[in-house]
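Take a look at the model below.

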Amino acid sequence: MAESRPLAGDDPEAYQSKEASTGSHAVRINALRAAVLGANDGIVSVAGILTGVAGATLDFAPLLTAGVAAVSAGALSMAVGEFVSVSAQRDSEAALLGKERRELEEMPEQELAELTQLYQDKGLSPALAAAVAQQLHEHDALAAHAEAELGIDPDDLTNPVHAAASSALAFAAGSLLPLGAMLLAPTASKIYATIVAVVCALTLTGFLGARWGGTPVPRSVARNVAGGLVAMGVTYW
């Protein structure tokens, strides 16, 4: 089997610089999750509703009404759902940081010992763990404890408004292709045109999601397309 090409090629410094410029992986993963979830939900939900209505009538007016209602309700539902869930997450993070802040004020020595133990548990020697904990405590004790103990960045808490807006926009964008196919295709081929549009849209979101997340493209695309077709088929039936 041929040997795979090194990640950094012939320029490790440039590779490291590019990787650092991409920012937090956690932020990218959360953004990817919200975008893919919103777009796929828009594709599948709107296509499923439209094919369900098409099972009863292929008239333009009922399909348009159902499509507009589905896009509006779905986008608002995604926005509200993301806002509520991310707000709850942010409130939990803020509460944990508040508790940690009080602990640092009321028992700083015990908190320093706790941080030292955390670094020892990660593999540092007792002496090195103590030195690292001491320096981080002096620099920014709250940030050090938040990262090591809670896995939270105090300066980068989740934003419910951004999550709500991105989910709503992704839902609306995903719904446009199946909606356009159902409304614009000839009457006799509306169902087939919508199925083709959904397959194309889900293939695109699966491809983009895999490329952005660094995961295998075929698996992502197959999972997207299969799930969407099952949902549409059940709704139409």
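This is a predicted model: local features need pLDDT of at least 70, side-chain atom pairs count only at pLDDT 80 or more; totals for chains, interfaces and linings use all residues.

Residues are numbered from 1 along each chain as its sequence is written, and side-chain values use heavy atoms, with hydrogens and water left out.

Start with the fold. The protein chain has eight helices and zero strands. Its order from the N terminus is α-α-α-α-α-α-α-α. Helices (H or I, at least four residues) and strands (E, at least two) are DSSP runs, numbered from the N terminus.

Next, the packing. Of the 237 residues in the protein chain, 33% are buried. Buried means under 20% relative accessible area, exposed means over 50%, and partly exposed lies in between (1.4 Å probe, protein chains only). Among contacts between residues at least 6 apart in sequence, 69% join residues at least 24 apart. A contact means heavy atoms within 4.5 Å.

Now the surface. The protein chain exposes about 14000 Å², and carbon and sulfur atoms supply 64% of that area. Accessible areas come from the Shrake-Rupley method with a 1.4 Å probe; for residues, only the protein chains shown count as cover.

Two patches deserve a look. Patches are made of residues with over 30% relative accessible area and no salt bridge; like charges are joined within 9 Å, nonpolar side chains (Val, Leu, Ile, Met, Phe, Trp, Tyr) within 5 Å. A salt bridge is a side-chain nitrogen of Lys or Arg within 4 Å of a carboxyl oxygen of Asp or Glu.

V80, F83, V84 and V161 make a nonpolar patch of about 360 Å². Helix 3 (residues 60-106) gives the largest share, three residues. V161 lies in helix 6. V161 counts as exposed because its relative accessible area is 52%.

The other patch is negative: D140, E147, D153, D155 and D156 form it. Asp and Glu count as negative, Lys and Arg as positive, while His and the chain ends are not counted. Each charge is placed at NZ of Lys, CZ of Arg, CG of Asp or CD of Glu. D156 sits in the loop between helix 5 (126-150) and helix 6 (160-184). Its relative accessibility is 42%, so D156 is partly exposed.

Finally, go inside. L183 is in helix 6. L183 is buried because its relative accessible area is 14%. Beyond its neighbours within four places in sequence, L183 contacts F60, L63, L64 and K190. L183 and A193 are 10 residues apart in sequence and 9.8 Å apart in space, C-alpha to C-alpha.
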